[in-house]
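Please read it with the structure open.

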Amino acid sequence: GAMVKLTSSTAETADEVDKMSQKIGISKKAYQEWAYVMGQNGMDVNLLQSGMKSLNTQILKTQNATDKSKTALGKLGIAVTDSSGKLRSQEDVLYDTITALANMDEGADRAKLAQELLGKSGSELAPLLNQGGQAIKDLTKRAHDLGLVMSDEAVDAGVKLGDTIDDVKKSFKALGTNLGTSLMPIVQKL
């Protein structure tokens, strides 16, 4: 019973990692890293979901700008394309953005850029940004050291197991419903 409960709990965690990483637009690994980093700063990783929407707008704005230094990302020195001109991943730009903001001095300039780049989430990230860029890097490493980051394969296996458990539960419920349906005329006569 304890093993089933542990396995089921792990499958639920894996499913959350899988679904939320997709909603935010980052990898499963990055979602788990950010969950730990933000949790250590009293925040919920799901805060990044709305922040990514704003950041994606800024990425496209910077990509299309003739003078990139005038965009919010350009002011932080963050490139949105790689050396071959391909758009960098949202995940990489997010990490660089938060690290660059964390390395800025506290104040109105940082708050304004954070708000511009990450929307409402930008102001919510103040506790994290106050830690500094090195602290973010250290917390990310600690998440791995503590074994808190599941591999993509483990997450995928957990999602599959969770779906299987859900199918079995629904099948048993349907079996009960079908049995109840067949018994209804008999009970009605009684």
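1. Basis. This is a predicted model, so local features need pLDDT of at least 70 and side-chain atom pairs count only at pLDDT 80 or more, while totals for chains, interfaces and linings use all residues. Residues are numbered from 1 along each chain as its sequence is written, and side-chain values use heavy atoms, with hydrogens and water left out.

2. Helix H2. Helices here are DSSP runs (H or I, at least four residues), numbered from the N terminus. H2 covers residues 28-39, and its end C-alpha atoms are 16 Å apart. That agrees with the 16 Å that its twelve residues should span at 1.5 Å a residue. The expected span is 1.5 Å times one less than the number of residues.

3. Burial of H2. Nine of the twelve residues are buried, and H2 is mostly covered. Buried means under 20% relative accessible area, exposed over 50%, and partly exposed in between (1.4 Å probe, protein chains only). Among the buried residues are Ala-30, Tyr-31, Val-37 and Met-38. Charged side chains are on the list too, including Lys-28 and Glu-33.

4. The aromatic pair. Trp-34 and Tyr-95 have ring centres 6.0 Å apart and planes at 55°, so the pair is tilted. Trp-34 lies in H2 and Tyr-95 in helix H5 (residues 90-103), so the pair ties together parts 61 residues apart in sequence. Rings of Phe, Tyr and Trp (its six-membered ring) pair if their centres lie within 6.5 Å; planes under 30 degrees apart are stacked, over 60 edge-to-face, the rest tilted. Trp-34 is buried at 4% relative accessibility, whereas Tyr-95 is partly exposed at 26%.

5. Largest pocket. Its volume is about 230 Å³. A pocket is an open set of points on a 1 Å grid over the protein atoms alone, where a 1.4 Å probe fits, with protein on both sides within 12 Å along at least five of seven lines; lining residues have an atom within 4 Å of a point. The volume is the space filled by probe spheres set on the points, which are joined across faces, edges and corners. Of the 14 lining residues, Thr-13, Val-17, Gln-32, Leu-148 and Met-150 lie nearest the centre. Helices H1 (2-24) and H2 each give two or more residues to this lining. By class, the lining has eight nonpolar, four polar and two charged residues. Ala, Val, Leu, Ile, Met, Phe, Trp, Tyr, Cys and Pro count as nonpolar, Asp, Glu, Lys and Arg as charged, and the others, Gly among them, as polar.

6. Second largest pocket. This one has a volume of about 180 Å³. Its lining includes Glu-12, Asp-15, Asp-163, Asp-166 and Lys-169. H10 supplies the largest share, five residues. The classes are two nonpolar, two polar and five charged.

7. Salt bridges. There are seven (side-chain nitrogen of Lys or Arg within 4 Å of a carboxyl oxygen of Asp or Glu). Lys-28 meets Asp-156 at 2.5 Å, N to O. This pair links H2 to H10, 128 residues apart. Lys-28 is buried at 16%; Asp-156 is partly exposed at 38%.

8. Within H2. Lys-29 bridges to Glu-33, with the closest N and O atoms 3.6 Å apart. The two are four residues apart, about one helical turn. Lys-29 is partly exposed at 42%, and Glu-33 is buried at 12%.
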